[in-house]
Amino acid sequence: MKTKQTKNSPKKNQHIPTKIPNNAQKAYKLLSAQEGISHNEAKNLIDRGLVTIQGKKLKIARALLSPNTHFKIQQLPPIKIIFQDENILALSKPAFLTSEEIVKLYPQWALLHRLDKETSGVLLLIKENSPFHLKAKEEFKKEQIFKQYVAIVEGIIDEEQEITEPLIIQKGHFAKVIVAKKNGIKAYTKITPIEIESKKTKLEILIKTGRTHQIRAHLAHIKHPIIGDTFYGGKPANRILLHAQKIALLGYSFEDSPPKEFLFQ
C-alpha cells in the first residue's frame, strides 16, 4: 500500500449560490441558451450528473439561478468493447450511462448483471436464455463469480477488513439500502487499502454477493463513504468514485483499468 502525504490547500467555494436574484431563470433554460441546445438536451445533461457549477454537481434541472451562472459540462467517454465471442460481450461502461441504456445499443444482447449509473467498469452482456446464460445465472446464484472493484473513500483505512452485515432496502421517496437489524439479506464485502493520500483511501474491494448498492451501503456503514456518493453521505465530486475493475466466470476473465479520476496526484 502506498501512502502519500500532501499539504492541505485552501478550498475554493464550491457551493451553488443560495440567494436567488430577481432575474433568476431555471437552470436547464440557462444551459440551453448558453450551449445552443434544446431544453430537453439540457435537462438530460443535468439529470445525468454531467453539469457542474464551481466544481459542484448541479442536481436539479429546474433550480433557479442567476443568468451569470457559468456551467461546465463533462463529456461522456466512449463505450469500449473489451471482448466478444458467441457467448459473451464484455464492455467498458462509462459513468453517467445506465446499464439499461447501454444494452439498448446492442439489440442482440441482454444484461447479465447491472452497474449503477455512476459506476464505471466491466459490464457483461449475453444472449438471453442461451446455454451460457443459464450456466452464468447459476454461477451468480452459487456466488462463484469473482468481482473486484476500486473505490476512493473518505478517511484513512490502513487495514484489510471484512464487512458482513446483512442489508435491507429502506423504502421511501428514494429506495436506500441500509444495514438491517433483522430480516436482512446476507452480504459480504472485503476491502483492502492500496493507497492513502491526505484524508482519503483508495481501496480494492472484493464482493461475493451482489446486492443492490452493497458496496456503497457497507462503506457508508463503517463511516467511510465513497467520495461523490452524496446519497450515502459522501462528499460531493463529479461522480461516485467506484469502478468495476475485474470480473471472472466460467473460464472467462475481464479487466478494465480505472479512469484518470482514480489516480492520486
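Start just after helix α4: select Glu 143, which takes a positive phi of about 60°. The model on screen is predicted. From this residue, step back into the helix itself.

**Stop 1: helix α4**

Select residues 131–141, which make up α4. Colour Phe 132, His 133, Ala 136 and Glu 139: these are the buried residues of the helix. Now look down the axis. The four cover an arc of only 120°, which puts them on the same side of α4. An α-helix has 3.6 residues a turn, so residues three or four places apart point the same way.

Turn to the other side of α4. Pro 131 and Lys 141 are exposed there.

What covers the buried residues? Show strands β8, β10, β17 (242–249) and β18, which are included in the cover over α4.

**Stop 2**

Go to Asn 129. This residue sits in the loop between β10 (120–126) and α4. Its phi is positive, about 65°, although Asn 129 is not a glycine. Is Asn 129 buried or exposed? Its relative accessible area is 52%, and the cut-off for exposed is over 50%, so Asn 129 is exposed.

**Stop 3**

Jump to Phe 96, in the loop between β8 (88–93) and α3. Phe 96 is not a glycine either, yet has a positive phi of about 80°. Check its surroundings. Phe 96 is buried, with a relative accessible area of 1%.

**Stop 4: helix α2**

Select residues 39–48 for α2. Pick out Ala 42, Leu 45, Ile 46 and Arg 48, which are buried. Look down the helix axis again. The buried residues of α2 fall within an arc of 165°, so they line one face of the helix.

Which elements lie against these residues? Show α1 (27–35), β3 (51–53), β6 (72–73) and α3 (99–103): the buried residues of α2 pack against them.

Then move past the end of the helix. Gly 49 follows α2, and its phi is positive, near 85°.

Lys 43 lies over the face of Tyr 28, at 4.4 Å from the ring centre.

**Stop 5: the aromatic pairs**

Show the aromatic side chains. The count comes to five aromatic pairs. A pair of aromatic rings is described by the distance of the centres and the angle of the planes.

Select Phe 83 and Phe 254. Their ring centres are 5.6 Å apart and their planes are at 40°, so the pair is tilted. Trace the chain from one ring to the other. Phe 83 is in strand β7 (residues 80–84), and Phe 254 is in strand β18 (residues 252–255). They are 171 residues apart, and the pair links distant parts of the chain.

Phe 83 has 32% relative accessibility and counts as partly exposed. Phe 254, at 4%, counts as buried.

Ring pairs link Phe 83, Phe 132, Tyr 252 and Phe 254 into a cluster. Phe 132 was on the tour at Stop 1, among the buried residues of α4.

**Stop 6: Phe 231 and Tyr 232**

Move to Phe 231 and Tyr 232. This aromatic pair is edge-to-face, with 5.2 Å centre to centre and 90° between the planes. Phe 231 counts as partly exposed, at 29% relative accessibility. Tyr 232 is buried, with a relative accessible area of 7%.

**Last stop: the whole chain**

Zoom out and colour by secondary structure. The chain has five helices and 18 strands. Its radius of gyration is 20 Å, close to the 18 Å that the globule rule gives for 265 residues, so the chain is as compact as a globular protein of that length. Along the principal axes, the C-alpha atoms fill a box of roughly 60 × 45 × 40 Å.

Next, colour by burial. Buried residues make up 44% of the 265 residues.

Finish with the accessible surface. This comes to about 15300 Å², of which 50% belongs to carbon and sulfur atoms.

Definitions and conventions: Residues are numbered from 1 along each chain as its sequence is written. This is a predicted model: local features need pLDDT of at least 70, side-chain atom pairs count only at pLDDT 80 or more; totals for chains, interfaces and linings use all residues. Side-chain values use heavy atoms; hydrogens and water are left out. Buried means under 20% relative accessible area, exposed over 50%, partly exposed in between (1.4 Å probe, protein chains only). Helices (H or I, at least four residues) and strands (E, at least two) are DSSP runs, numbered from the N terminus. The arc is that of the directions from the helix axis to the C-beta atoms. Contact means heavy atoms within 4.5 Å. Rings of Phe, Tyr and Trp (its six-membered ring) pair if their centres lie within 6.5 Å; planes under 30 degrees apart count as stacked, over 60 as edge-to-face and the rest as tilted. A charge sits over a ring if NZ of Lys or CZ of Arg is within 6 Å of the ring centre and within 35 degrees of the ring normal. The radius of gyration is taken over C-alpha atoms; the globule rule is 2.2 Å times the number of residues to the power 0.38. Accessible areas come from the Shrake-Rupley method with a 1.4 Å probe; for residues, only the protein chains shown count as cover.
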